[in-house]
Every structure is written in C-alpha cells, then in structure tokens.
Amino acid sequence: MSMEIDTYQKESDDQYVDWKGRKANPKIHGGIRAAAFACVVEVLTNMVFLCNASNFVTYFTKSMHYPPAKSANMVTNFMGTSFLLTILGGFISDSLFTRFTTFILSCIIELLGLILLTIQSQSRRLRPALNLKPSQSQAAILYTGLYAIAAGAAGLNANLPAHGADQLDHSNQRQISAFFNWFFFSLCTGGLISSTVMVWMEENKGWNWSFPITVIVLSLALLIFISGSPFYRHKRPTGSSLTRIIKVLTCAAQNWKASSDERLGNRYAVAALNLNRADGDHKFKFLDKALIDNRVNAAEIKETRTFLGLLPIFASTIMMNCCLAQLQTFSVVQGSIMNRKLHNFEIPTPSLTVIPLIIMLCSIPLYERLHSGKNIIFKPLWRIGLGLALASGSMAVAALVEAKRRAEAADNNVISVFWLGWQFLLLGVSDMLTLGGMLEFFYSEAPNSMRSMCTALSWCSTSMGYFLSSVLVSIVNSVSGKYGKEWLGGMNLNHGRLDLFYTLLSILNSLNFLNYMYWAKRY
C-alpha cells in the first residue's frame with residue numbers, strides 16, 4: 001500500500017509519452033523549448049477571444065438588431081459560460097484524452113463557431129432586415145456559433161497552461177513559477193493586441209473585418225501548436241477523478257456513524273491512516289472513514305483530500321475578480337466621460353484597458369528580475385495574498401478618484417483619464433500576482449490526475465467574479481433605491497454614487513482578505 005501512496009505523490013518520466021505513444025525521451029521531449037510553444041499560442045488565442053468579446057456587442061446591436069441591454073447580457077453570459085466550462089475542459093483532458101488532443105479538438109470547435117459567425121456576418125440572408133428582429137433560424141445560427149466559441153475557448157484555457165507546465169521538470173519550482181509568469185505575460189500581450197491593433201482595425205476598416213481576421217489568427221495558432229508535436233511530452237489520462245472523489249465522499253458518508261472500534265478493526269484502514277498522519281496530512285479527517293469497507297484505497301483518499309483543500313483558496317479569490325471586473329465595466333464608462341486627449345490624439349474608449357495591460361506587462365519582467373537577481377521564490381499563496389491586499393487598496397483609491405471626478409464635474413470641469421492610472425496600476429499588479437499565483441498554485445498542488453481541472457479553477461474564479469459583480473450591482477441598486485436614489489442607476493455617472501460602490505468593494509475585499517489569510521494559514 002505504501003507503493004500506492006508513492007505512486008500518487010511522485011511523478012516520474014515513465015508517465016509521459018511522445019506523440020506516437022512511446023516513452024518520452026527527456027533529451028528530446030519537454031523542456032523550455034516545448035513550453036515556449038504554449039506561450040506563443042496563448043498570445044494568439046487570447047487575442048482572438050478578447051477581440052471577439054469586445055466586437056460582439058457591436059455585432060449584436062448593429063447586425064442582429066438586439067437591444068443594447070440584451071446585447072450586453074449576451075456578452076456577459078458568453079464570457080461567464082466560457083470561463084465556467086473550463087472545468088469541463090479540464091475534466092475531459094484529465095480523464096479521457098491527453099491535453100494535446102483536447103486542445104486540438106477545442107480549437108477546432110472554436111474555429112467552426114467563428115467560421116459560422118463569419119458566414120452569417122457576410123450573408124444578408126442569414127441576418128435580419130433593417131429594424132426587424134432575427135428569425136428563429138437566424139438566432140439559432142447565432143447562438144450555435146456563439147456557444148461553440150465559448151466551449152472551444154474553455155477547452156483552450158483549461159489545457160494550454162497545464163500542457164505547457166507538463167513540459168517542465170516539476171522538481172524545479174523556480175522554473176514552474178517562471179513559466180506561469182511568462183504565460184501570464186503572453187495572455188496580456190494578446191489582450192494588448194486586441195485593444196490596440198484590432199480596435200484600430202474595427203474603427204477604421206469596419207467591425208466586420210474582425211471575424212475573418214480572428215479565423216485566420218486562430219488557424220495560425222492551431223498550426224503553431226501542432227508544429228511543436230515532435231518536442232512535446234504527454235501525460236496519459238488516468239480516468240475519471242470526479243468519479244473517484246464522489247466514491248470516496250459516498251463511502252465516508254455511509255460510514256459516518258462508524259465507531260472507533262470498527263475503524264481500528266480494519267488493518268488496511270489503520271495502515272493508511274497512519275501513513276497519512278506521518279505525511280502531516282490532518283485535513284478532512286472524516287474522509288478516513290471511507291477506508292473502513294475497503295471500497296476505496298489510500299491514494300483515492302489522498303486525491304480527494306488534496307482537491308477539497310484547494311476549494312477554500314479558490315473561493316477566497318472570487319471577490320478579487322469581482323473588483324477586476326470593474327476595469328471592463330465602470331472604469332471604461334468613467335474613462336469615456338473624462339478627458340482622453342493625449343496631445344492631438346484622443347484615446348478610443350475600447351482602448352482604455354491598454355493602461356492596465358501595459359502595467360501588467362511591465363510588472364512581470366520586473367518581478368522575474370527580482371527573483372533571478374536575489375534567487376528568491378515567492379510562494380504562490382504569498383503572491384495571491386499580496387494580490388488580494390492590493391485589490392482592496394485599488395478599490396479605495398478608485399473611490400477617491402471617482403469622488404474627485406464627481407466634484408470637478410459639478411464645477412463643469414473634466415479631469416484627465418490618466419487619473420484612473422492609479423487604480424489601473426494597483427489592480428494590474430494585483431491581477432498579475434493573483435492570477436499568476438493561482439495558476440501556479442492550483443497546478444503545483446493539484447493531484448497528478450487532476451491538474452487540468454484544478455488549473456481551470458483559476459478561470460472559474462474569474463467567471464464567478466464577473467457574475468458576483470452583476471449580483472452586487474443589482475443588490476446595491478435595489479437597497480439604495482429603497483432609501484433614496486440608486487447608486488448605479490441611470491445613464492449619467494455624475495448623478496450616481498459609484499464612489500460609494502467602490503468603497504463597498506474595498507470593504508468586502510478587505511474582509512475577504514482576512515478570510516483568505518485564515519484558509520491559507522491552515523493549508
């Protein structure tokens with residue numbers, strides 16, 4: 001039985017194969033070169049995803065004639081669904097296919113969805129006539145293409161970071177940490193291209209150029225990814241981890257009332273229990289009862305215990321992503337009514353997200369230089385904690401800036417959009433620390449059989465943060481409306497109290513930080 005525990009805890013090169021199914025050769029397969037393909041492909045795939053996400057509102061309103069409110073909800077649902085489905089994409093690659101195969105299938109699904117929307121956008125027969133709503137068939141084509149893109153993007157996000165990290169030596173934590181930093185750098189680079197080059201293209205050449213260009217870019221990403229096949233090493237799937245976890249939880253529940261005599265009467269259970277205690281593994285002791293009837297083994301208990309231990313950390317990061325959602329919503333609205341001129345150039349409203357992206361891109365090399373210069377490794381939990389603390393500070397600063405903007409607006413003055421730079425700076429660094437730390441933490445701490453699915457928790461947290469933001473806005477408007485005027489109601493921010501909403505977010509995130517510290521200390 002100790003061999004079962006060792007098999008679970010340790011990962012050897014024997015678990016990896018090349019693209020032909022043969023045992024991977026460490027001299028040929030894997031390494032930094034193979035991992036670099038994941039970073040290059042991430043630039044292109046994230047550019048495609050963000051470009052379409054920003055273009056969809058225009059397409060839904062101008063071509064499909066949906067009302068602005070419904071169009072905004074459609075985009076929110078699209079992004080939320082895509083991030084939530086990363087859990088499914090991770091489950092498939094952990095249980096059924098390799099991450100390489102799952103990535104290719106997901107990319108093809110997204111590509112088919114993009115092609116379908118490209119055809120619809122170019123064909124008048126597949127779009128409603130002027131001032132008419134889309135027919136059932138036209139709406140069916142739209143939603144089929146839209147959610148094919150969401151499902152495909154989910155598979156890419158779940159598998160690409162885990163596939164890249166699989167290429168590296170897991171005993172070298174510094175290398176793993178550096179990979180996720182540069183993967184995040186690639187993610188931001190894709191966002192920067194989307195917010196600059198593609199925004200310029202849409203405003204000067206027409207938004208309908210967006211779909212054909214993203215089809216070409218995603219096809220290029222797929223070709224680049226496939227071209228790295230001779231250098232990749234692949235982890236064999238290990239079957240359904242969720243099935244094993246459910247079995248462990250079921251057995252533990254059925255043996256809930258088992259006495260200590262019954263537990264001690266099972267030698268197998270006692271031996272496994274002692275091994276777990278020797279490892280210092282004292283979390284979720286109730287799972288030990290699942291060993292009584294010999295339907296599960298110690299490795300499955302360990303797998304379940306590890307996965308459940310990740311969930312409080314995951315839940316503690318949702319509030320930070322709620323704060324981050326403001327960069328794509330209220331901060332953009334703020335910027336649109338501020339002075340956006342830089343000498344003779346006026347910054348387009350959709351390009352305001354360039355500011356936090358540039359900050360994130362600059363912070364990553366500085367962070368890496370600090371590490372390489374002093375050979376320091378910040379543990380992922382420390383990184384996440386610092387990111388959560390900065391998120392609280394950023395919302396406090398955002399509240400002060402919005403209060404100043406409103407005061408100046410009352411005197412008919414318009415302040416520069418660069419006043420938003422402070423909250424962009426703090427939230428940008430916060431996102432770099434938190435998301436980068438989450439990707440590294442969930443990958444490194446996950447059971448070997450669940451690395452894609454656990455890495456997907458990072459994206460799932462983003463989705464939950466966006467949904468939480470929508471819920472908080474509704475609650476705040478409902479409560480404030482009963483006692484006066486809605487804080488976030490109406491079309492004019494000058495008549496609202498966005499500063500109070502930011503203050504509320506700062507307080508909630510501070511309380512969440514204390515909650516995170518409790519769980520991180522216990523981990």
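## The largest cavity

Helix H2 gives the largest share of the lining of the largest cavity, 4 residues. Helices here are DSSP runs of H or I of at least four residues, strands are runs of E of at least two, and both are numbered from the N terminus. The structure is a predicted model, in which local features need pLDDT of at least 70 and side-chain atom pairs count only at pLDDT 80 or more, while totals for chains, interfaces and linings use all residues. Residues are numbered from 1 along each chain as its sequence is written, and side-chain values use heavy atoms, with hydrogens and water left out.

A cavity is a set of points, on a 1 Å grid over the protein atoms alone, where a 1.4 Å probe fits but cannot get out; its lining residues have an atom within 4 Å of a point. Grid points are joined across faces, edges and corners, and a volume is the space filled by probe spheres set on the points. Rolling a probe the size of a water molecule over the atoms shows where empty space is left. The search of the whole structure finds 3 cavities of 30 Å³ or more, and the largest has a volume of about 60 Å³. The residues that line the largest cavity are Glu-42, Thr-45, Asn-46, Phe-49, Glu-110, Ala-153, Leu-156 and Asn-157. By class, this lining of the largest cavity has 3 nonpolar, 3 polar and 2 charged residues. In this scheme Ala, Val, Leu, Ile, Met, Phe, Trp, Tyr, Cys and Pro count as nonpolar, Asp, Glu, Lys and Arg as charged, and the others, Gly among them, as polar.

## Phe-49 in the lining

Phe-49, one of the residues lining the largest cavity, is found in helix H2. Phe-49 counts as buried because its relative accessible area is 5% (buried means under 20%, exposed over 50%, and partly exposed in between, with a 1.4 Å probe and protein chains only).

Leaving aside residues up to four places away in sequence, Phe-49 touches Phe-78, Met-79, Ser-82, Phe-83 and Ala-153; a contact means heavy atoms within 4.5 Å. Phe-49 and Met-79 are 30 residues apart in sequence, and their C-alpha atoms are 9.3 Å apart in space. Ala-153 also lines the largest cavity.

## The second largest cavity

The second largest cavity has a volume of about 40 Å³. Ser-93, Asp-94, Arg-99, Lys-235, Arg-236, Pro-237, Thr-238, Asn-448 and Ser-449 form its lining. The lining of the second largest cavity divides into 1 nonpolar, 4 polar and 4 charged residues.

## Two residues with positive phi

Most residues other than glycine have a negative phi, and most peptide bonds are trans. His-65 is not a glycine, yet has a positive phi of about 60 degrees. The place of His-65 is in the loop between H2 and helix H3 (68-84).

Asn-412, also a residue other than glycine, has a positive phi near 65 degrees. Asn-412 is in the loop between helix H16 (380-410) and helix H17 (421-445). Asn-412 counts as exposed because its relative accessibility is 71%.

Lys-70 lies in helix H3 and counts as partly exposed, at 37% relative accessibility. Between Lys-70 and Phe-60 there are 8.8 Å from C-alpha to C-alpha, and the two are 10 residues apart in sequence.

Ile-119 is in helix H5 (residues 99-122). With 47% relative accessibility, Ile-119 counts as partly exposed. Ile-119 and Phe-211 are 92 residues apart in sequence and 9.1 Å apart in space, C-alpha to C-alpha.

## The protein as a whole

The protein has 19 helices and 4 strands. Of its 523 residues, 53% are buried. Among contacts between residues at least 6 apart in sequence, 82% join residues at least 24 apart. The accessible surface of the protein comes to about 23300 Å², and 64% of this surface belongs to carbon and sulfur atoms. Accessible areas come from the Shrake-Rupley method with a 1.4 Å probe, and for residues only the protein chains shown count as cover.

The mean pLDDT (the predictor's confidence in each residue, from 0 to 100) of the protein is 82, and 88% of its residues reach 70 or more. Over residues 1-10 the pLDDT is below 50, and this stretch has 26 contacts in the model beyond near neighbours in sequence.

Note on methods. 1 Å grid on protein atoms, 1.4 Å probe; cavity = no way out; pocket = protein on both sides within 12 Å on 5 of 7 lines; lining within 4 Å.
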